[in-house]
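Please read the following explanation alongside the sequence and the coordinates.

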Amino acid sequence: MMMKAAPDRTGATTGGGQMHRKRRLVLQGGVLLTLALAAMASGAHESPAPDAIQVTARKYEFNPATITVKQGEHVKLLITATDRDHGFKLEEFNVEQRLPKGVPTAVEFTADKAGTFPFECSVVCGIGHRRMKGKLVVQAAGGGDSPSAP
Ligand SMILES: [Cu+2]
């Protein structure tokens, strides 16, 4: 407990009773500060986890096959291959990830450019492997000239 000597407002009247009152004020201040800190700490717990976009991969499709995000967004995909191992390759954003069967696999990148970008399966998974594709639509930040806008 710190007892800093503060300049006495009443000047001449520096009695013993005054000292007691000061100490009590300091104590009350400490309690208020503790309450404020507790409130701040509990508030921090309310921040939500970043939303992951759930995607499934199976012979021979991604679902959803079209993923739409906004430019500048940090994108987190959680992709689960349901029938066998697949892969997820999004060349434009340097993403290539193997998707082991049954394991939700996180893929993260920042959609820093607008446009429509293809993604595809990067693990040869059968006769339809080459048509196992989808597309990522990144909507322009300014709401400007998006070719796929309705
Ligand atoms: Cu595949």
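The protein chain of this predicted model has one helix and nine strands. The chain counts 150 residues, and buried residues make up 15% of them. Among its contacts between residues at least 6 apart in sequence, 60% join residues at least 24 apart.

The strands may be taken up through one of their sheets. Strands of a sheet pair through backbone hydrogen bonds, in either a parallel or an antiparallel manner. Here, four strands form an open sheet in the order β2-β1-β4-β7, and the pairing within this sheet is mixed. Its edge strands are β2 and β7 (105-110), each of which pairs on one side only. On average, and with direction ignored, neighbouring strands of the sheet are turned by 25° against each other.

At one end of that order, β1 and β2 run antiparallel and are joined by three bridges. Within this pairing, R58 stands opposite E61 of β2. The loop between β1 and β2 contains Y60, and the peptide bond leading from K59 to Y60 is cis, with omega near -10°.

N63 belongs to strand β2, which covers residues 61-63. Is N63 buried or exposed? A residue is classed as exposed if 12 or fewer other C-beta atoms lie within 10 Å of its own; N63 has 12 such neighbours and therefore counts as exposed. Apart from neighbours within four places in sequence, N63 is in contact with V55 and T56. The chain also brings N63 and G134 to a C-alpha separation of 8.5 Å, although these residues are 71 apart along the sequence. A further cis peptide bond runs from N63 to P64, with omega near 0°. P64 itself is found in the loop between β2 and β3 (66-70).

Attention now turns to the interior. In soluble globular proteins, nonpolar side chains tend to be buried together. In this model, the largest nonpolar core has 19 residues, and those with the most contacts inside it are V55, A57, L77, I79, F88 and L99. The strands β1 (53-58), β4 (74-81), β5 (86-90) and β9 each supply at least two residues of this core. Of the contributions to the core, that of β4 is the greatest, with four residues.

I79 illustrates how such residues meet. When neighbours within four places in sequence are set aside, I79 is in contact with V55, A57, F88, L99, T105 and V107. Four of these partners, V55, A57, F88 and L99, are also listed with I79 among the residues that have the most contacts inside the core.

How many of the five residues of β5 are buried? Four of them are, so this strand is largely enclosed by the rest of the structure. Strand β5 runs antiparallel to β6 (residues 95-99), and five bridges join the two. One of the residue pairs in question is formed by G87 and its bridge partner R98 in β6.

The hairpin of β5 and β6 has four residues between the strands. N94 is placed in the loop between them, and its phi is near 55°, a positive value in a residue other than glycine. In contrast to the enclosed strand β5, N94 is exposed, because 8 other C-beta atoms lie within 10 Å of its own.

The account ends with A141, in the segment after β9 (133-139). A141 has 13 C-beta neighbours inside 10 Å and therefore counts as partly exposed, given that the exposed class extends to 12 or fewer. Beyond its neighbours within four places in sequence, A141 is in contact with K70, Q71 and G72.

Key. Residues numbered from 1 in each chain as written. Predicted model: local features only at pLDDT ≥ 70, side-chain atom pairs only at ≥ 80, totals over all residues. Buried ≥ 20, exposed ≤ 12 C-beta atoms within 10 Å, placed from the backbone. Contact = placed C-beta atoms within 7 Å. Core = buried A, V, L, I, M, F, W, Y, C linked by C-beta atoms within 7 Å. Pairing = 2+ DSSP bridges. Axes fitted to C-alpha atoms, helices over the stretch in contact; angles between N-to-C directions.
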